[in-house]
Amino acid sequence: MEISILEAGPRPMAKLAITGGGRCNLTNSFEGVENLAEVYPRGSRLMRRALGRFGWRECCRWFEDEGVQLLVQDDHCVFPVSQDAMQIVRTLERRMRKGGVRLMCGSRIDNISRVLDSADAVVLATGGGTAGILEGMPIELVSPVPSLFTLRINDAGLRSLMGTVTENVTLGLAGTRFRAHGTLLLTDWGVSGPATLKLSSYAARELAAGGYKGMLLVNWLGCSEDECRALLRSMASGSGRLIINSHPPRLTERLWRHLVLRAGVREDSRWGELGLKSSARLVNTLISDTYDIIGRARFKEEFVTCGGVSLSEVRPESMESRKLPGLYFAGEILDIDAVTGGFNLQAAWSTAWIAAHSIAEKY
Ligand SMILES: Cc1cc2nc3c(=O)[nH]c(=O)nc-3n(C[C@H](O)[C@H](O)[C@H](O)COP(=O)(O)OP(=O)(O)OC[C@H]3O[C@@H](n4cnc5c(N)ncnc54)[C@H](O)[C@@H]3O)c2cc1C
């Protein structure tokens with residue numbers, strides 16, 4: 001079988017080379033993932049099947065067989081021990097050479113029909129936001145919108161806390177069911193960190209539809225109202241200390257001060273003097289804080305597109321088009337996308353493996 005890769009750019013895998021900040025977070029051990037929709041907001045059903053055939057273990061074995069040593073971090077992300085994405089690129093290039101694959105850089109595909117006429121099978125793996133090249137073909141496309149971005153917040157007080165990292169925060173988008181739990185980083189433009197990226201992924205379509213305006217809900221303690229009340233009671237008991245001077249272990253001193261003042265509690269209030277109303281306001285600020293979202297900011301590390309070739313167009317067992325036999329899809333051109341952590345590349349590996357094996361069996 002003759003295989004040719006037509007690559008528009010001057011080099012293959014230019015994006016792969018910059019993944020994971022140049023270290024390439026190539027997959028994830030999926031530990032603690034109970035529901036795949038938590039990590040694949042779009043495409044979880046197809047991914048369940050795909051991971052059953054070429055999952056993270058198979059992916060690790062494939063690279064290890066090629067001599068790449070891998071490391072599963074405590075956060076379940078998998079990186080090459082070399083911490084060098086170029087090792088992954090070189091490994092794939094070596095395998096291409098070994099397999100006699102013809103790589104043609106600087107070859108942009110504009111006309112899919114012509115390519116389809118000239119080959120037995122064509123795999124379209126042109127990445128996120130490129131499904132437009134199928135326009136005019138009888139294939140349903142889901143309009144592309146960005147995912148994995150940070151949010152601009154209009155609040156000087158919050159911005160003054162730039163650099164503050166808080167773990168186990170729950171973020172939400174008001175008026176929707178979207179909630180994301182994790183670490184929150186405050187920046188000079190608003191909010192970032194894993195919890196924000198996760199929320200941007202879950203609510204990618206809703207945020208786009210609302211012009212990236214809306215109300216951000218923040219539960220600073222990531223706990224229930226009862227748990228919050230219990231925490232405040234335990235902090236208050238027998239203490240004549242100033243409220244502002246004793247913060248819950250999870251919140252920094254500066255953030256606590258910001259939240260106490262935001263709740264309208266006076267700077268010189270002592271725990272023993274905290275009345276019912278002030279206490280209720282403090283609980284409300286701690287677990288149901290709200291901030292105006294005024295836009296989105298691009299995340300420096302990872303940025304993917306949600307949307308693309310509708311999964312209803314694809315045979316999940318082969319990644320072949322239902323309507324155009326001989327045309328296959330793999331990677332981000334499909335309407336599959338994930339939160340950060342190596343899940344996006346795993347989707348690309350899994351779908352590519354299935355397409356390749358299906359073609360190899362057929363021809
Ligand atoms: C900065 C950054 C960091 C990331 N880090 C991670 C990470 O650590 N872990 C993770 O899981 N995910 C990460 N991602 C997401 C991940 O890179 C993508 O999900 C993945 O690269 C998708 O692979 P793909 O092969 O489908 O598309 P791409 O990697 O985008 O490759 C598509 C290729 O097709 C070529 N092409 C496009 N149009 C045409 C055309 N018309 N004709 C010919 N060729 C064409 C492009 O030049 C490109 O080389 C990151 C993304 C970014 C932007």
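**Around the ligand**

Modeller: Here it is, and keep in mind that the model is predicted. β1 (4-7), α1 (19-22) and α13 each supply at least two residues of the shell around the ligand.

Biologist: Which of them gives the most to the shell?

Modeller: α13 does, with four residues.

Biologist: And which residues come nearest to the ligand?

Modeller: Thr19, Gly20, Gly127, Gly331 and Leu345, out of 31 residues around the ligand.

Biologist: How does the shell split by class?

Modeller: It has 15 nonpolar, ten polar and six charged residues.

Biologist: Back to α13. At what angle do α3 and α13 pack?

Modeller: Helix α3 (residues 44-53) and α13 pack at about 70°, and their axes are 9 Å apart. The two helices are therefore roughly perpendicular to each other.

Biologist: Which residues make that contact?

Modeller: From α3, Met47, Ala50, Leu51 and Arg53. From α13, Ala347, Ser350, Thr351 and Ile354. By class, the contact of α3 with α13 has five nonpolar, two polar and one charged residues.

Biologist: New topic: where does tyrosine 363 sit?

Modeller: In the segment after α13 (343-362).

Biologist: Is tyrosine 363 buried or exposed?

Modeller: Exposed, because 9 other C-beta atoms lie within 10 Å, and 12 or fewer counts as exposed.

Biologist: What does tyrosine 363 touch?

Modeller: Met1, Asp120 and Ala121, leaving out residues up to four places away in sequence.

Biologist: How far is tyrosine 363 from proline 248?

Modeller: Their C-alpha atoms are separated by 64 Å, and the two residues are 115 residues apart along the chain.

Technical notes. Residues numbered from 1 in each chain as written. Predicted model: local features only at pLDDT ≥ 70, side-chain atom pairs only at ≥ 80, totals over all residues. Buried ≥ 20, exposed ≤ 12 C-beta atoms within 10 Å, placed from the backbone. Contact = placed C-beta atoms within 7 Å. Axes fitted to C-alpha atoms, helices over the stretch in contact; angles between N-to-C directions. Parallel < 35°, antiparallel > 145°, perpendicular 65-115°, else oblique. Nonpolar A, V, L, I, M, F, W, Y, C, P; charged D, E, K, R; others polar. Near = placed C-beta within 6 Å.
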